[in-house]
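Student: Could we go through this structure together, with a reason for each word that we use?
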Amino acid sequence: MKDLWYKRAIICCLDVGTFMDTNGDGVGDFAGVTKRLDYLAGLGVTCLWLLPCYPAPNYDNGYDVMDYYGIDPRHGTLGDFVEFMHQARERGMRVILDLVVNHTSSKHPWFQRARSDEKSPYRDFYVWSKQKPEVNLPVLLPGEQKSIWTHDRKAEAYYLHRFYKQQPDLNISNPEVRDEICKVMGFWLELGVSGFRVDAAPYLIEQTGVDAPGTVDPYGYLKEFRDFLSWRRGDAILLAEANVELAALPEYFGDGDRLQMLFNFVLNQHLFLALVRQEAAPLIVGLLQPPTIPETAQWANFLRNHDELTLDKLSQPQCETIFQAFAPQERMQIYGRGVRRRLAPLLDGDPRRLRLAYSLLLTLPGTPVLYYGDEIGMGDDLAQEGRTSVRTAMQWSDESNGGFSTAPKNRLVRPVISGGDFGYERVNVASQQRDPESLLNWMEKAIRVRKGCPEFGSGKLSIVETGDAAVFAHCSAWQGRVVAAVHNLSDTPREVSLDLRSFGENHVVDLLGDRECEPLDGGRTWVKLEGYGYRWFRIGSTWA
Ligand code: NOJ
Ligand code: CA
């Protein structure tokens with residue numbers, strides 16, 4: 001029997017540096033995350049995804065790694081990491097790490113050797129060109145990056161960098177580079193991690209700038225990494241960031257022999273369109289457009305993350321619609337097609353809309369991935385540059401610095417949001433724990449119920465006709481059991497009748513339990529919904 005734990009998981013992404021500082025130096029540390037593991041376990045998180053925590057110059061929030069075998073000293077020691085892993089395991093919590101191997105930092109010793117000596121074995125670890133290459137693909141970070149090729153004075157050549165120039169791309173076609181990547185995975189697997197979030201997967205396997213492009217199948221590299229991973233640890237997973245064209249998505253999963261999980265960017269973007277338009281139709285497109293995936297594969301669903309909300313899979317008018325509603329000022333936008341805001345401010349802090357969005361996240365097929373702080377509805381700081389706006393420190397209490405750190409304000413790694421609707425004085429864990437009506441307490445309950453319904457994450461999806469353009473209903477069937485959810489995307493109350501007979505016996509149990517079940521009417525179920533309301537049901541005579 002396969003134990004596909006990642007299909008039942010509740011994943012939470014956090015940045016060690018902004019989560020909890022225990023030694024008062026203004027930077028979050030492993031001791032801090034360890035201290036807060038009970039909070040995360042209480043929320044129902046079963047798997048932590050840590051943003052890069054390796055030694056790095058931090059030009060790109062840790063995505064510029066200088067040493068793959070260490071911990072950024074600002075976060076503690078390798079010993080602190082191992083202690084954290086032990087404590088996480090004690091609580092039944094898994095950990096996955098960001099695997100940032102499309103590029104290294106330009107300060108990585110490999111790059112330093114590569115650029116200083118043409119004869120160095122490390123020279124071929126990177127992608128070089130003596131002349132400025134004619135193929136100059138568009139930059140990924142417009143406004144922050146000029147080109148994908150930069151001239152290096154020492155090397156007397158141009159090097160490829162898909163992201164910032166401080167992040168030279170590794171040459172994946174070099175078998176020694178692939179061996180190094182496996183060694184890095186092997187190291188952290190020995191320390192107990194359950195897999196990796198594969199950063200920038202499409203660029204990792206691309207052939208741009210390497211010799212003889214087209215002679216290898218780049219997706220074969222994914223199988224190579226998967227094989228290595230699975231031989232070392234059978235239940236470890238690779239969760240990739242691959243915001244690619246629909247047609248390319250199946251290549252990342254293979255026959256279940258490449259990556260186990262991919263973020264569902266298509267669903268993410270269409271979900272926001274559905275929220276703006278207050279219509280179910282875009283959501284249905286977002287659910288039906290992605291390909292069917294192998295039995296062992298899984299989508300990772302998310303609302304927001306540490307990057308911008310990318311709208312590249314929508315049409316220009318659709319993108320404009322979202323901008324108008326959610327990012328009307330230019331300073332809220334980034335890279336032409338992105339929104340640099342957190343979820344709560346984007347939804348005007350409206351608790352009904354926040355719960356609706358999370359209710360969708362928790363019931364749509366796939367595994368939910370939360371972003372730290374969103375469970376209490378944290379805000380963003382648009383005074384911060386670029387994507388840093390959504391990477392502010394965790395707000396634990398109304399004590400100074402939001403309880404994140406005892407350091408003087410000017411020593412904090414990032415300012416804590418203070419004042420206004422989203423400041424730590426109003427939005428913090430401690431006060432929400434005391435308030436039975438808070439978003440945090442709602443999230444804890446919703447996650448608990450979702451965990452009791454693995455059908456939502458793993459089941460076969462059926463979209464149910466509601467007769468109302470604003471109401472989205474779906475059923476998920478798995479191992480002979482069926483659950484359903486109904487969401488009202490509009491701000492006005494609705495009542496719909498659903499024909500659920502084909503899904504099981506004529507008995508419908510309300511899972512969130514805030515009201516009695518509606519009587520059956522000739523086999524149809526009547527469902528009343530408040531504006532932005534949602535209901536979860538189990539269909540059948542037992543709910544066990
Ligand atoms: C994707 C990460 O999520 C982003 O934050 C980073 O800048 C790029 N990859 C480059 O590593
Ligand atoms: Ca610290």
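Tutor: This is a predicted model, in which local features need pLDDT of at least 70 and side-chain atom pairs count only at pLDDT 80 or more, while totals for chains, interfaces and linings use all residues. Residues are numbered from 1 along each chain as its sequence is written, chains are lettered from A and ligands numbered from 1 in the order in which they are written, and side-chain values use heavy atoms, leaving out hydrogens and water.

Student: Why does Asp124 count as partly exposed?

Tutor: Buried means under 20% relative accessible area, exposed over 50%, and partly exposed in between (1.4 Å probe, protein chains only). Asp124 has 44% relative accessibility, so Asp124 counts as partly exposed.

Student: Which residues is Asp124 in contact with, leaving aside its neighbours within four places in sequence?

Tutor: They are Asn171 and Asn174, where contact means heavy atoms within 4.5 Å.

Student: How far is an oxygen atom of ligand 1 from an N or O atom in the side chain of Asp60?

Tutor: The separation is 2.6 Å. For Asp199, a side-chain N or O atom is 2.7 Å from a nitrogen atom of ligand 1.

Conventions:
A polar contact is a pair of N or O atoms within 3.5 Å; within protein, one must be able to donate a hydrogen and the other to accept it, and residues adjacent in sequence count only if both atoms are side-chain atoms.
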